[in-house]
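Please look over the structure below before reading on.

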Amino acid sequence: MHAITISEPGGPEKLTWTEVPDPVPGEGEVLVDVAAAAVNRADIMQRQGVYDPPPGASTYPGLECSGRIAALGPGVSGWSVGDEVCALLTGGGYAEKVAVPAGQLLPVPKGVSLVEAAGLPEVACTVWSNVFMVAHLRAGEVLLVQGGAGGIGTMAIQLARAIGARVAVTAGSKAKLDLCAELGADILINYHEQDFVTGIERATDGAGADVILDNMGGGEYLDRNVRALAVNGRLVIIGLQGGTKGELNIAALLMKEGTVTATSLRSRPLKEKAAIVAGVREHVWPLIAAGKVRPVIDRELHMADAAEAHRVMDESHIGKVLLTAR
């Protein structure tokens, strides 16, 4: 088979479509013939050499894919060869075949094509686990999504609206904010024109955001996120685009009686991932089947053109960028 390998840390040109050995499914795993994979920020960081795969994971990038089951490993039940699936991965999605723990498989939801389904598992599991399982967003509360037009942001908007929450987003252009509004966001903050702390305060009459989903992490964002929280607010950090270090004003956090949580989906134990995937299948998949939630796809490129897909991610995109294997 072929897979994308990283010759050495660096730019997109370090990604190479290379012939490699076929994976073999182990105990509790299935082998999937990949139809498509999606590009995530973690793939960019892995290519740059700042985010290594967990021990035992595939060295090929790719944290989600879709395809058809080609073979079942020992101890697998409930799935059959030929089933159309999508999967949450620890790595290895940029390839023609990948071995996946059975607990991280999902059926392709009704109303979504096999290729489009590649853009669902990582974002659905990230949003479900963080916004709902960790932060316990409820109807009537305000969710602030930093970077609302990306893959995670577009999923977070739709799921929050589906349960009756109010959604605020930040984005850097009118086109991106228009998309967020179309998906259900009603507090739209262009971060080139307005500080998001001020924007949230004005839109909520000073109350702030009950939950903030943040992919920026450190730098000035940590302090500003705390200032944007409502009383009893919950800040969930899932990324490091703003830096790895930040100053936390404990007094401000105490005044808000707030919580700050940082999570990583990729390195969680198999049982935890399986529980998240089960929750997504129970709660999110019916919303997709009902047409209330949909994948937002920027473009599709062939997997051999992964370098171009990474350039798109580095520059500007809306929703998900997909890589097709066929």
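The model is predicted, so local features require pLDDT of at least 70 and side-chain atom pairs count only at pLDDT 80 or more, while totals for chains, interfaces and linings use all residues. Residues are numbered from 1 along each chain as its sequence is written, and side-chain values use heavy atoms, with hydrogens and water left out.

**Sheet.** An open sheet is built from 6 strands in the order β10-β9-β8-β11-β12-β13, with parallel pairing. Strands, like helices, are DSSP runs numbered from the N terminus (E, at least two residues, for strands; H or I, at least four, for helices). Two strands pair if DSSP finds at least two bridges between them. The edges are β10 (187-190) and β13, each of which pairs on one side only. On average, neighbouring strands in this sheet are turned by 15° against each other, direction ignored. Strand β9 (residues 166-171) pairs with β10 in the parallel sense over 4 bridges. A171 stands opposite N190 in β10.

**Helices.** Two helices lie across strands of the sheet, and contact here means heavy atoms within 4.5 Å. Angles run from 0 to 180 degrees between N-to-C directions, and axes are lines fitted to C-alpha atoms, for helices over the stretch in contact.

| Helix | Strands it lies across | Angle to β10 |
|---|---|---|
| α4 (residues 174-183) | β9 and β10 | about 165° |
| α5 | β8 (142-146), β9, β10 and β11 (209-214) | about 155° |

Helix α5 (residues 196-203) also packs with helix α6 (residues 221-228): their axes come within 9 Å and cross at roughly 5°. The two are therefore roughly parallel, a class for angles under 35 degrees, with over 145 roughly antiparallel, 65 to 115 roughly perpendicular and the rest oblique. On the α5 side, F196, V197, I200 and E201 meet Y221, R224, N225, R227 and A228 of α6. These contact residues divide into 5 nonpolar, 1 polar and 3 charged. Nonpolar covers Ala, Val, Leu, Ile, Met, Phe, Trp, Tyr, Cys and Pro, charged covers Asp, Glu, Lys and Arg, and the others, Gly among them, are polar.

**Positive phi.** N232, a residue other than glycine, has a positive phi near 65°. N232 is placed in strand β12 (residues 229-237) and is partly exposed, at a relative accessible area of 43%. E257, also not glycine, has a positive phi near 50°. E257 sits in the loop between α7 (250-256) and β13 (259-262) and is exposed, at a relative accessible area of 54%. Relative accessible area under 20% counts as buried, over 50% as exposed and in between as partly exposed (1.4 Å probe, protein chains only).
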